[in-house]
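Subject: Structure handover

Hello,

Below is the structure I said I would pass on. My notes follow it; please read them with the coordinates open.

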2 protein chains.
Amino acid sequence: MIEHHILIDEQHEGSWGHASVRASDKRRAPVTRKADFRDAMARLGAAVNIITTDGPGGRHGMTASAVCSLTDEPASLAVCINRNSRIHAAIEENGALCVNVLNGEHEELSGLFARSGLSMAERFANAQWERLANGTPGLLGALCNLACSVMSVSEIGTHTMFFCRVEDIRMGPEGHGLVYFGRSYHRLTSAPAA
Amino acid sequence: MIEHHILIDEQHEGSWGHASVRASDKRRAPVTRKADFRDAMARLGAAVNIITTDGPGGRHGMTASAVCSLTDEPASLAVCINRNSRIHAAIEENGALCVNVLNGEHEELSGLFARSGLSMAERFANAQWERLANGTPGLLGALCNLACSVMSVSEIGTHTMFFCRVEDIRMGPEGHGLVYFGRSYHRLTSAPAA
């Protein structure tokens, strides 16, 4: 099951499944029901990315759409990750990550990096990678690779927002965009140059 | 000119224009050139929203795509706003905002809420609104309206990240999604129900 912002990992599923929705329903007057929020988020389209990291904390990769541009001075991004996901501790320890922006041909790869039960080695074996300046794996053929260092973090409920400085950018070949909307993937035609 | 994450407002244009890119080029070895970062962000598709607020700080509205789901417990969003935009001080004073997720028919409205030189009254006159529980204007016909209270803020470079709790959700009619990618708008077909 792919959730609204595809921050899926095996430890993730329990907290997002029906059991926790039922638990939420038992509480008195929650401000916003989880199910309603997920239905709304299904209507907020977002680019699909594979977040990678490597270093002393190990090599990890996970599909995620909760990535947001912050400012271009300094060039920086926000990346939101569930604290129960396998990649979370690795990003904290490595202090570095790469946002690999997927193209329209990467739907299957997105699924592999979101699927529980696959080891990291199994996930990474399905694509070609290059080591970026900050040591993180850059997906060859991605629309772009954004190699980042973690500047600071904010913890919000079950998730951590990593504020990341973009240290190196690799532009890949032009291609279709891959967006998750309405609980399914959509391919965007590449636009003419501005 | 629509920039990569469409956080456009009239005070915004100077800091994003070619003059500042040239200024950046004169400095020694910037980690990431603005122009490169913008080119990369043009490849990160994002839903198009109109952010609104109302209260003691006045009624404001602005097109923005830098909106990101945080967690569903508590249901919360991150909204990134340039501190030079007109809406910034109003959100800070009102402590409330609404994320109106646009549908595929809202391309012209998106442009109006991004265009400099229009008063707020002129912008709002182009659509129908209802007052939500937190006092913010909800766009009728949006894919959904997410009425939020500001929980906390983080300042990053030129922008502020507002961490927002979602207090009320109105689901609008089903429709196509509106995504900005490759420096142009794209309509997404609405997906079958999960």
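**Strand E2 of chain B**

In chain B, E2(B) and strand E6 (residues 96-101) run antiparallel and are joined by 4 bridges; strands count as paired when DSSP finds at least two bridges between them. Helices (H or I, at least four residues) and strands (E, at least two) are DSSP runs, numbered from the N terminus. One facing pair is B:Asn49 with B:Val101 in E6(B).

This is a predicted model, in which local features need pLDDT of at least 70, side-chain atom pairs count only at pLDDT 80 or more, and totals for chains, interfaces and linings use all residues. Residues are numbered from 1 along each chain as its sequence is written, while chains are lettered from A and ligands numbered from 1 in the order in which they are written.

E2(B) also pairs with strand E3 (residues 60-64) of chain B, in the antiparallel sense and over 5 bridges. There B:Thr53 has B:His60 as its bridge partner. The two strands form a hairpin with 6 residues between them, and B:Gly55 in the turn has a positive phi of about 145°.

Strand E2 (residues 49-53) of chain B is largely enclosed by the rest of the structure, because 5 of its 5 residues are buried. Buried here means 20 or more other C-beta atoms within 10 Å of the residue's own; 12 or fewer is exposed, anything in between is partly exposed, and C-beta atoms are placed from the backbone. B:Asn49, B:Ile51 and B:Thr53 point one way, B:Ile50 and B:Thr52 the other.

**Chain A**

Chain A has 6 helices and 12 strands. Of its 194 residues, 51% count as buried. Among contacts between residues at least 6 apart in sequence, 67% join residues at least 24 apart; a contact is two C-beta atoms, placed from the backbone, within 7 Å.

Strand E11 (residues 177-181) of chain A has 5 of 5 residues buried, so it is largely enclosed by the rest of the structure. A:Gly177, A:Val179 and A:Phe181 lie on one side, and A:Leu178 and A:Tyr180 on the other. E11(A) pairs antiparallel with strand E1 (residues 46-47) of chain A over 2 bridges, where A:Ala47 stands opposite A:Val179. The hairpin of E11(A) and E12(A) has 2 residues between the strands, and A:Gly182 takes a positive phi near 60°.

In helix H4 (residues 86-94) of chain A, the buried residues are A:Ile87, A:His88, A:Ala90, A:Ile91 and A:Asn94. Their cover includes strands E2 (49-53), E3 (60-64) and E5 (75-82) of chain A. Just after H4(A), A:Gly95 has a positive phi of about 65°.

**The two chains together**

Chain B superposes on chain A by a rotation of 180° with 0.0 Å of shift along the axis (RMSD 0.0 Å), by least squares on the C-alpha atoms of residues with pLDDT of at least 70 in both. That is the relation of a two-fold axis. The same surface serves both copies, as 100% of the contact residues of chain B recur in chain A. B:Ala46 is the residue of chain B that comes closest to the axis, at 2.5 Å (C-alpha).

The contact takes 55 residues from chain B and 55 residues from chain A. The side of chain B that touches chain A has 30 nonpolar, 16 polar and 9 charged residues. For these classes, Ala, Val, Leu, Ile, Met, Phe, Trp, Tyr, Cys and Pro are nonpolar, Asp, Glu, Lys and Arg charged, and the others, Gly among them, polar.

Regards
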